Amino acid sequence: MPFGSSDRDRLQRIEDQLGTIIEGLAALKQQVNDQQHAIDQMRQDATAAISGGLAEIRAVAREALARTSDAATGHLANIGSELIAIRGAIGQLDSRLKETPAPAQETKTVREEPVVEPEPQPVEQPAPEPAPEPEQTPEPVSEPDPDILRAAAGIAHATVEAHRDTWAFLIQVAGNEQHFHIPGRVEDHDGFVSVRFSGPSLVAAITSLDHVHRTADSPVTRAIAAHIHQKITTAVQQIIDRPHRGDGDGTPVRIVIDDRAAPAEPDDTQ
């Protein structure tokens, strides 16, 4: 049976309602897409902010750790140098105490006994007194070369490279000298140290080593002091022989106490 007008009106209303629903769904879909885009943008911004913040935190933490490490290393080096100087002072004090003569013992009071006069004996002629021996004039004490001392005093800084034990011996010998200054930083590379010396400290080291290698009782101590003294004075002598004239940068003073044998020559018989 064909549709009537009422059926057509009902279909038209259904079609209009479907169109309205479709438009609402399209609008809702657009809103969802916009919200998803906003969420993605917020996620990207948050990720970038977190990454940048972590990078800054890592940089600050790395810098703080570096400063802490440098400070701790410097303090440990200072403490080590001070301990070496204290040990040297104790050693010198012990040597001085050993050289000091023991105090004379007090004379005990003896009760006087009655003196019995001996019988007179025949007087014997005294034997002639031996002629007095001439007094020995003490040998003059030699002093370090004044030219070497003046040249060493003019050095702004010199680098001394030696074994840790050699550095400890030098501190023990010259640590109590008035013009010797213990460096604040000592670079240690597997037991081989590198230390920067000032001119006054070099002068103090030269005079102290010269005194020890001439007066020490132990031949080992004299040998070590003489060897280090020779290394330092040789480096200073190069400044006297080839002084810097101001026409170039010059060669920094570097004293290396590390004697080695020459490399073996190749065998030509093969």
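**Notebook: sheet, aromatic cluster and salt bridges**

I started at Asp210, which is found in helix H4, residues 199-215. The model I am reading is a predicted one. I looked up burial next. Asp210 has a relative accessible area of 8%, so I log it as buried. What does its side chain touch? I found a polar contact with the side chain of Arg214, at 3.1 Å. The contact also qualifies as a salt bridge: the side chains of Asp210 and Arg214 meet at 3.1 Å, N to O. Both residues sit in helix H4. They are 4 residues apart, about one turn of the helix. Arg214 is partly exposed, with a relative accessible area of 31%.

I turned to the strands. In what order do they lie? I read S2-S3-S1-S4 for the 4 strands, which form an open sheet. The pairing is mixed. The edges are strand S2 (187-189) and strand S4 (253-256), each of which pairs on one side only. From one strand to the next, the twist averages 20°.

I then went through the pairings one by one.

- S2 and strand S3 (residues 192-197) run antiparallel, joined by 3 bridges. I noted Ser194 in S3 as the bridge partner of Glu187.
- S1 and S3 also run antiparallel, and 6 bridges join them. Here Ala158 has Phe197 in S3 as its bridge partner.
- S1 and S4 pair in the parallel sense, over 4 bridges. Glu161 stands opposite Val256 in S4.

How enclosed is S1? I found 5 of its 6 residues buried, so S1 is largely enclosed by the rest of the structure.

I also looked for what covers the strands. Helix H3 (residues 164-174) lies across strand S1 (158-163), S2 and S3. Helix H3 runs at about 120° to S1.

**Entry: aromatic rings**

I searched the whole structure for aromatic pairs and got 2. Trp167 counts as buried at 6% relative accessibility. Phe197 is buried too, with a relative accessible area of 2%.

I went on to Phe180 with Phe197. Their ring centres are 5.7 Å apart and their planes are at 65°; the cut-off is over 60 degrees, so this pair is edge-to-face. The pair links distant parts of the chain. Phe180 is in the loop between H3 and S2, Phe197 in strand S3, and 17 residues separate them. Phe180 is buried, with a relative accessible area of 6%.

Which residues make up the cluster? I wrote down Trp167, Phe180 and Phe197, which form one aromatic cluster. Phe197 is also the residue I had noted as the bridge partner of Ala158.

**Entry: salt bridges**

How many salt bridges does the structure hold? I counted 7. Asp210 with Arg214, from my opening entry, is one of them. I looked up two others.

Arg164 and Asp188 meet through their side chains at 2.9 Å, N to O. This pair links distant parts of the chain: Arg164 in helix H3 and Asp188 in strand S2, 24 residues apart. Helix H3 lies across S2, as I noted with the sheet.

Asp258 forms a salt bridge with Arg260, the closest N and O atoms being 2.9 Å apart. Asp258 counts as partly exposed at 31% relative accessibility. Arg260 has a relative accessible area of 72%; the cut-off is over 50%, so I mark Arg260 as exposed.

Notes
Residues numbered from 1 in each chain as written. Predicted model: local features only at pLDDT ≥ 70, side-chain atom pairs only at ≥ 80, totals over all residues. Heavy atoms only, no water. Pairing = 2+ DSSP bridges. Helix = DSSP H or I, 4+ residues; strand = E, 2+ residues; numbered from the N terminus. Axes fitted to C-alpha atoms, helices over the stretch in contact; angles between N-to-C directions. Contact = heavy atoms within 4.5 Å. Phe/Tyr/Trp six-rings, centres within 6.5 Å; stacked < 30°, edge-to-face > 60°. Buried < 20%, exposed > 50% of the residue type's maximum accessible area, 1.4 Å probe, protein only. Polar contact = N/O pair within 3.5 Å; in protein donor to acceptor, adjacent residues only side chain to side chain. Salt bridge = Lys/Arg side-chain N within 4 Å of Asp/Glu carboxyl O.
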